[in-house]
Every structure is written in C-alpha cells, then in structure tokens.
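Please read the following walk through the structure with the sequence and the 3D view at hand. The text goes chain by chain and then turns to a contact between chains.

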Amino acid sequence: MVSLYFLIPLAATFYWSLRGAKDVLGFEAYRKLFADTNFLPAFSQSIVNAVATIFLSLIIVVPTAYWVTLRLPKLRPVVEFITLLPFVIPAVVLVFGIIRLYSSPPFLFTATYNSSRIVLICVYVCLSFPYMFRSVDNGLRAIDVRTLTEAAQSLGANWVTILFRVIFPNLRVALLSGALLTFAIVIGELTIALYMAQHTLGPYMSDLTRSKVYEPSAMAIVAFAITWAAMGIIDFVGRGATRHVQMVEAD
Amino acid sequence: MKTNSANSQSVNSTVGGALRPPRTPIRHWLGLLPFFVFSGLFLIGPTLILAYRSFEGLDGGLTLNNYRQLASDTVMNSYGMSIKISLTTAILGGLIGFLVAWVVSMGGLPPRFRLITTTFSGVAANFAGVPLASAFVFTLGRVGLITALFKVFGVNLYKSGFSLYSFLGLTLVYLYFQIPLMVLTILPALDGLKREWREAAENLGATQIQYWRYVALPVLTPSILGTMILLFGNSFGAHATAYALTGGLFDLATLLIGRQISGDVLHNPGLGYAVAMGMVMIMASSIFIYSILQRRSERWLK
Amino acid sequence: MSYLSISHVTKQFGDTVVVDDFNLEIEKGEFVSFLGPSGCGKTTTLRMVAGFEIPTSGKILLDGADITDKAPNQRNVGMIFQSYALFPNMTVAQNIGFGLRVRKESKEMISQRVDEMISLINLEKHATKYPYQLSGGQQQRVSLARALAIHPQVLLLDEPLSALDAKIRVSLRAEIRAIQKKLGITAIFVTHDQEEALSISDRIVVMNSGLMEQVGTPFEIYNFPTTVFSANFVGSLNNASAEVVDPALSLISIDGVQFESAVDLKERKKGDKVRVAIRPERLSFAAEQEKANVVDATIENITFLGSVVRIRVKIGDTNFNMDTFNNPFLELPKIGDKSQVTCSKEAVLVLDD
C-alpha cells in the first residue's frame with residue numbers, strides 16, 4: 001500500500017508528461033520531428049559519436065583492466081581513482097578546462113569543427129571510463145581471469161591471442177553492459193557538446209524546446225524510449241550472467 | 001633456495017611459488033599507457049589548467065585574490081542557490097528514496113515490483129537533461145497539463161507565486177533523478193540486512209520498532225548518510241537539466257560557470273576559474289566522504 | 001507433566017508437508033537433538049518452537065502455557081543461529097545486554113548480568129570488541145551468552161556449529177553441553193552431524209522428510225535402530241537384503257548364508273524379504289570356540305584407517321565391512337585368504353524394508 005503511494009507521483013509525472021507529449025496533434029508531432037532537416041544530421045552525428053566512443057573506450061579499458069588485474073595490481077588504486085574523476089569534475093567544469101586548454105597554441109585542437117569533434121569524442125571516452133571499467137572489472141572477476149590466462153599461457157598463447165581469443169569473448173556481457181551505458185550517456189549529452197559548438201542531439205533538443213512547441217515532446221518520448229531500451233537490454237542480458245553495479249550520473 | 005611468493009614489486013610475477021624471469025616492465029606499462037594518456041589529456045589536464053589559472057591575477061601574476069572574490073555577491077548567490085537545492089534534494093530524495101527502497105525490498109510485495117522499480121530507476125536516473133526538463137515543462141510549465149488541471153479547480157498556480165523556474169521548481173525536477181539514484185544505491189544495503197538479525201532481536205524480546213531503532217537503522221546509517229552526500233554532489237554538479245529548463249539564466253553555480261565559458265560575465269577570468277575549482281573541491285569532498293562511509297558500512301554488512 | 005510439549009504439530013507450505021505429525025515431550029533440563037539431513041524438517045520444527053513459523057496444526061506447550069500462536073518476542077526462549085546473527089553495530093557487551101535492555105531492566109542489573117555471562121563464556125578480554133573483530137567460535141559463544149542472559153526457559157540451537165572449523169566444533173560443543181548442564185536449562189539442538197548429536201544429547205530425534213524416524217538415547221539409536229533410515233544415517237553399517245528362514249528361531253539368510261538374530265521375528269512368515277544391518281565393529285574373526293553365527297568369508301580388501309582397520313570380506317555373494325581396532329602386533333590376513341567370521345545374534349539387526 002505504501003509503495004503505491006510513492007509510485008503514483010512518479011508514475012503520474014511520467015503519465016502526464018506522456019499526455020503532454022501526445023497533446024493535440026497526436027503523432028503529427030513525431031512526423032514533424034523526423035521531417036525536420038536538422039534532426040537527422042544531429043541524430044546521426046550523435047550515433048556516430050557514440051559508436052566511436054564505445055569502440056575507443058573498449059580498446060582502452062579492457063587491456064587496462066586486464067593489465068591492472070594481472071600484472072600491475074599496485075596501480076589499481078590509481079586507476080580506480082582516475083575512473084572516479086568524471087564524478088568529481090562536473091561536465092561543465094571539464095568543458096571549461098578543455099576549451100581553455102585546447103583553444104590556443106601550442107595545443108590548438110579546436111580550430112575546426114571536426115577537430116573539435118575528435119576532442120569531444122575523446123572526452124566522452126574519458127566520461128565512459130567509470131562505467132566501462134566497473135563493468136569490465138566485474139566481468140574479469142567473475143571469470144577468474146588469472147586462472148584463464150595461466151591456462152592459456154601453459155598452452156602456448158601470447159598476450160595478443162589471450163586478449164582477443166580468450167578474454168574478450170568471455171566478457172561479452174560485461175562489454176555489452178558498459179557499451180550500452182556509454183551509448184545512453186553520449187546520445188543525450190548536452191553540456192559538453194553545447195559549449196564546444198557541436199551539433200549533436202543534446203544541443204538540438206535544447207534548441208527545439210526553445211523554438212517549437214510540440215516536437216520537443218515527441219523528442220522527449222523518443223529519448224526516453226531509447227534510454228529504456230538500452231537499460232532493458234542491459235538488465236535482460238545481465239540477468240543470466242554477472243551482476244553489474246550501475247552508478248548513475250545526473251547529466 | 002628461497003622462493004618468494006607474494007610480490008610487492010610490480011616487475012616480478014610468480015607462478016606456483018617459483019620465480020619467473022622478470023618481464024620487461026616497459027611492456028606492462030605500455031598496456032596502461034593509452035589509459036593514462038587519455039585521462040591525462042582530457043581529464044587531468046583541463047582540471048590542472050583551471051587550477052593554475054585560478055591563481056592568476058588580472059595582471060598575470062599569481063594571487064589568491066580570485067578565491068577571496070568568491071565571497072562576492074554574484075558568486076555567493078549562485079553557490080548559495082546550488083547548495084540550497086542540493087541540500088534539499090539530497091535530504092528529501094534520500095528520505096523518499098529510502099522509503100521506496102525499504103518498501104520494495106522488505107514490504108512483502110511481489111518480486112515483480114522490485115524489478116520494475118529498479119529498471120525504472122535506472123532509466124529515470126539517466127533521463128536527466130533536456131528530456132526531463134521538457135517533460136516537466138509539459139507537466140508544470142505555464143501551459144502544462146497539471147497547471148491546467150489546477151486551473152480547472154480554480155487554482156492558478158503561477159498567480160500564487162509558484163514557478164517551475166524557481167528553487168521549488170528545480171527541486172521538484174531534480175528529485176526525479178535523485179530519488180531513483182537513492183533507491184538504486186541503497187537497495188544493496190537494505191538487502192544486506194540479515195534476516196537473522198531481525199529474528200534474533202525478536203527472539204530476545206524486541207518489537208519491530210525496537211529492532212529498527214537499535215539494530216537496523218544504526219547499521220544502515222553510514223550507507224544512508226553516504227548516499228545522501230552522493231546525492232548532494234550529484235545535484236551540485238548538475239548542469240544540463242537546469243540549462244534546458246531555464247536557458248542558462250538561473251542563479252546556479254553550474255549555470256554561472258556555463259555563462260563564464262561563453263563570455264567573461266564575471267569581468268575577471270581568474271575568478272571564473274576559481275568558481276570552477278571551488279565546485280571541484282566540493283564535489284571531491286562529497287565523493288571522499290561517501291567512500292569513507294561506504295567502507296564503514298561494508299565492514300558491518302559483511 | 002513434561003516441561004515442553006510438542007503435540008501433533010504439522011507444518012505445511014502450500015501443498016508441501018514439511019513437518020508431519022511431530023510429537024515430543026521434553027523434560028526440564030533435558031538436552032534433545034533433532035538429527036537429520038537437509039530438508040528433513042528439523043529446523044522448521046525448531047522455528048515453530050521459537051515462534052518464527054506457526055504450525056498448520058498441533059499445539060506447543062511450555063511449562064503448561066500454550067505458546068503455539070504467541071509472537072516470537074513474547075516467548076522467553078533463547079535462539080542461537082548458524083550464522084551467529086550478532087548485531088554488528090554493538091560490542092560484545094552490548095549484544096549480550098540487548099535482551100535485557102529491551103525489557104527495560106536497570107543499568108546496574110544489565111551490567112551485572114552481562115559480566116556474569118561474559119565470564120561464563122570466558123571472553124572477559126573481549127567485552128568491548130565488535131563482532132567483526134572476533135573469530136567464528138568467539139562470535140558463537142557471544143551468541144550463546146546473549147541468549148542465556150534473558151533467563152530463557154528453553155534454549156534453541158539451530159546448527160550452531162556447522163559454520164565452524166572441525167577442531168572448534170568439537171571443543172565448543174563440549175562447552176555448550178557443560179554450560180547447559182550447569183544451568184540446568186532445557187535445550188533443543190538441531191544438527192545434521194550424527195557425531196555431534198551422539199556425543200552431547202540426552203535424547204535424539206532422528207528425522208527424515210518431515211517424519212520422526214526414531215526417538216531414543218544415543219545408545220539406543222546407535223545400537224538398536226528401528227528403521228533403515230536411522231540405521232543408515234547414524235554410524236556406518238553393512239546393509240543387505242535377506243530372507244526369513246525360520247520365524248520362530250529368528251533365522252534369516254543372506255544369499256543362502258544363515259544368521260541368527262536376536263530380533264523377534266515371530267510376526268513374520270518364512271520367505272519374507274527383510275533388510276538386515278550389521279555394524280562393522282560387531283564382526284570379528286571367529287576364534288576356535290565360537291558357535292553362534294560363524295560363517296565362511298573371503299578377504300577382499302584391507303584398508304588402514306589409523307585407529308581402525310577396515311577389512312572387506314565376502315560372505316556368500318555380499319560384501320561386508322569389518323572393522324577391527326588397529327593392533328600393530330596382530331597379524332592380518334592377506335587378500336584372497338579364506339577365513340571364518342562371526343558376530344553375536346544381537347548384532348544382526350532386522351529392519352523393515
């Protein structure tokens with residue numbers, strides 16, 4: 001009974017916002033949204049950014065987690081500290097620093113739109129570290145990576161083979177979980193993209209709220225649906241294998 | 001011949017008690033290099049530059065003046081409002097979140113409820129930003145649905161002083177992701193309350209209330225406090241939601257920094273950096289205190 | 001009138017009957033063990049006495065009072081859990097004093113009683129320590145003191161030693177028994193370890209799948225098991241199927257080899273199939289003068305177990321284990337030797353199949 005009391009306000013908010021979305025024009029809003037010339041480019045930019053981020057992040061985090069666990073356990077506290085940094089340095093402060101650091105020689109990286117974009121992706125990669133690392137770390141722990149490695153070594157494999165043939169495949173669930181979290185974060189990210197003048201989904205949505213009336217609601221629902229789908233997939237896949245602790249951030 | 005097993009030097013690793021020929025340390029460090037390069041370039045570097053510049057005076061020399069100016073009105077208003085909202089959402093979010101988590105884990109509800117709550121919380125906590133802001137505009141904005149609903153009953157929300165774009169409004173919006181965060185973080189702690197503790201307490205003659213007062217709440221307190229502090233930090237550093245809601249014009253520390261990025265609104269770049277560093281310090285201490293409390297509670301719940 | 005009376009208690013969860021018609025009368029100061037494998041219902045029965053489960057039917061009476069439906073915090077029974085269940089946020093002293101604190105006793109009274117309990121369990125030096133700073137054995141002793149502090153009428157122990165190391169298990173069970181005897185408190189001890197039950201109980205209840213298999217003293221249960229399950233669960237024994245040859249003379253035959261039993265078989269008919277059990281230590285090599293139950297046997301295997309030497313012999317078509325004390329000066333037969341083996345007729349147990 002008590003639960004209903006608490007669930008209802010949350011559910012009601014959600015419900016009303018849904019109603020607010022459908023409003024007068026019904027699905028017309030959705031159609032207009034997808035027809036907007038600015039929507040698709042922004043959407044695709046975000047998707048590409050997200051994929052690039054995930055890819056880079058995997059390449060960096062997995063070996064890192066692997067090496068820290070097996071060869072350099074002393075560095076673990078340092079690594080874990082660094083993965084905590086995105087929580088300590090809020091996005092707005094980070095982008096502040098990024099701009100000041102890379103807007104003038106000798107580190108002029110923000111001269112062109114595309115070079116800024118690369119910087120953006122690199123920042124996103126760093127933002128994904130907490131989630132990726134935690135996912136991968138949990139996954140490594142669950143598969144007892146030390147024993148697996150020693151078994152592979154005794155059979156004659158070198159470290160490249162071990163990484164790609166043994167470790168990666170066994171971490172599929174952890175990797176998927178980390179990737180989906182990263183995806184959700186990058187897709188909706190606003191603060192950093194905004195101040196770096198990038199035309200991704202975040203700033204686009206923000207502009208939308210200022211200019212149009214009904215499309216933003218459709219946009220909100222789409223965003224919500226995507227996030228829900230991502231979380232759902234993580235839950236679904238994660239249920240069979242290892243449990244992942246999800247720490248979530250506001251922005 | 002002495003064989004050493006546990007290694008404290010990162011170079012030699014031993015397998016089965018025998019000493020392996022030392023691997024080239026360089027190879028190991030190489031594995032970690034990309035990680036450090038990236039974080040150095042894109043996490044630590046920017047922060048350091050801000051820190052350094054925050055000590056820069058208007059004339060170019062090093063000074064603490066910027067930090068002294070943090071006490072000025074403009075800055076203090078923004079910081080104050082940020083602290084106000086963060087405290088409120090931390091405490092309210094903490095309490096409500098705790099109650100929800102408690103009901104869902106021990107309220108005797110079917111397990112389906114728990115799954116729904118956790119999934120929804122995961123989504124809601126990530127929902128922050130533009131979508132959340134617009135959702136609330138549709139609900140409680142000037143032409144929002146609930147506002148309209150109130151009008152039907154003859155109550156004009158906005159005339160009586162309410163505004164979504166105020167302390168109260170922001171608090172309401174922020175709670176939407178603070179409560180789920182609390183729920184998700186505190187659920188494991190609630191799960192850690194062993195059933196036998198309650199039974200032992202009952203067996204010794206305690207009522208439910210006494211059990212909670214003497215055992216359960218004391219055991220949970222570090223977790224609850226820690227998570228509330230986490231919530232505080234979370235709210236303090238939040239930018240996107242507030243920006244989307246108010247267009248960046250509200251008196252909030254993060255929005256202030258945002259305005260500073262777009263243009264020197266403080267008429268003193270050094271001060272801008274100091275404001276940013278101030279925020280970092282607040283966030284750092286909140287995470288620090290949180291992890292200490294976490295460790296404490298883990299020790300008990302093991 | 002017995003002190004604790006459990007009569008016709010049954011517990012059902014949905015369609016599953018977990019405890020089926022449990023009946024037991026326990027005297028004051030008695031130490032009774034519930035012995036059985038996992039899932040036999042022993043813990044559930046204990047929890048019904050504690051009040052954490054309510055019987056589906058039946059009554060539980062404590063010192064004349066009906067406590068069947070009473071809430072657990074109103075029963076004045078003390079419970080010890082397998083996982084110790086010490087309150088992690090309280091010191092040893094605070095844990096022990098918890099029951100008294102809840103009863104709103106005076107500070108002096110609590111402090112005095114706590115001191116008493118702490119010296120009873122010999123942990124004076126650890127009074128201000130927290131549970132996580134103590135070993136498993138120490139935690140369990142604190143748990144014991146905590147339960148005893150409130151002067152319970154019955155002490156309930158739910159597999160208290162299962163989580164501990166073997167050596168601690170042995171010393172702690174003796175300590176528990178000593179304290180119980182000293183205080184004269186009635187106790188119910190749940191375990192799946194038959195050695196534990198045999199060594200410290202006044203009486204044992206052997207349980208299986210919710211049913212009581214047998215009730216008796218350790219001596220009775222071990223030497224005169226009445227059911228196949230009891231015989232198998234407590235101690236090791238040789239198990240064989242046999243046929244009744246002569247009911248009047250209590251003769252049975254295992255694969256054609258005849259044995260005389262001390263069990264009364266007059267109720268049975270010739271040709272009935274029965275289960276026969278013989279404890280390994282009751283078999284021995286036949287000396288010249290032996291008359292009763294002397295049979296031919298072939299040595300199959302010899303295993304040295306330390307204090308006991310286990311010899312596997314083949315009698316008829318069946319293999320039997322024969323245990324004899326290790327004697328360095330005794331010459332043992334070799335594998336393949338033929339010999340004669342005997343056992344008294346009391347050793348031949350005939351059980352229902």
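Which elements make up chain A, from the N terminus on? They run α-α-α-α-α-α-α-α-α-α-α-α, that is, chain A has 12 helices and 0 strands. This is a predicted model, and everything said here about chains, helices and strands refers to that prediction. Chain A has 251 residues, and buried residues make up 51% of them. Contacts in chain A can also be sorted by how far apart the partners are in sequence: among those between residues at least 6 apart, 79% join residues at least 24 apart.

Chain C is built from both kinds of element, with 8 helices and 20 strands. Its C-alpha atoms fill a box of roughly 75 × 50 × 35 Å along the principal axes. Of its 353 residues, 41% count as buried. For contacts in chain C between residues at least 6 apart in sequence, the share that joins residues at least 24 apart is 66%.

One part of chain C to look at is an open sheet. Four strands form this sheet in the order 2-1-4-5, and their pairing is antiparallel. Strand 2 (16–26) and strand 5 (65–66) of chain C each have a single partner strand, so they stand at the edges and one side of each is left without a neighbour in the sheet. Within the sheet, strand 1 (residues 4–13) and strand 4 (residues 57–62) of chain C run antiparallel and are joined by 5 bridges. In strand 4 of chain C, C:L62 is the bridge partner of C:L4. Helix 1 (residues 42–50) of chain C packs on this sheet and touches strand 1, strand 2 and strand 4 of chain C. The direction of helix 1 makes about 115 degrees with that of strand 1 of chain C.

Strand 5 of chain C contains C:A65. Is C:A65 buried or exposed? It is exposed, because 12 other C-beta atoms lie within 10 Å, and a residue with 12 or fewer counts as exposed. C:A65 and C:S5 are 60 residues apart along the chain, and their C-alpha atoms are separated by 9.8 Å.

Further along chain C, two helices pack against each other. Two packed helices are described by the angle between their axes and the distance between the axes. For helix 4 (residues 136–148) and helix 5 (residues 166–183) of chain C, the angle is about 15 degrees and the axes are 11 Å apart. Angles under 35 degrees count as roughly parallel, and helix 4 and helix 5 of chain C are therefore roughly parallel to each other. Their crossing is right-handed. Which residues meet in this contact? From helix 4 of chain C come C:G136, C:G137, C:Q140 and C:L144, and from helix 5 of chain C come C:I168, C:L172 and C:I176. By class, this contact of helix 4 with helix 5 of chain C has 4 nonpolar, 3 polar and no charged residues.

Technical notes:
Residues numbered from 1 in each chain as written. Chains lettered and ligands numbered in written order. Predicted model: local features only at pLDDT ≥ 70, side-chain atom pairs only at ≥ 80, totals over all residues. Axes fitted to C-alpha atoms, helices over the stretch in contact; angles between N-to-C directions. Parallel < 35°, antiparallel > 145°, perpendicular 65-115°, else oblique. Left-handed = near helix turned anticlockwise from the far one by under 90°. Contact = placed C-beta atoms within 7 Å. Nonpolar A, V, L, I, M, F, W, Y, C, P; charged D, E, K, R; others polar. Buried ≥ 20, exposed ≤ 12 C-beta atoms within 10 Å, placed from the backbone. Pairing = 2+ DSSP bridges.
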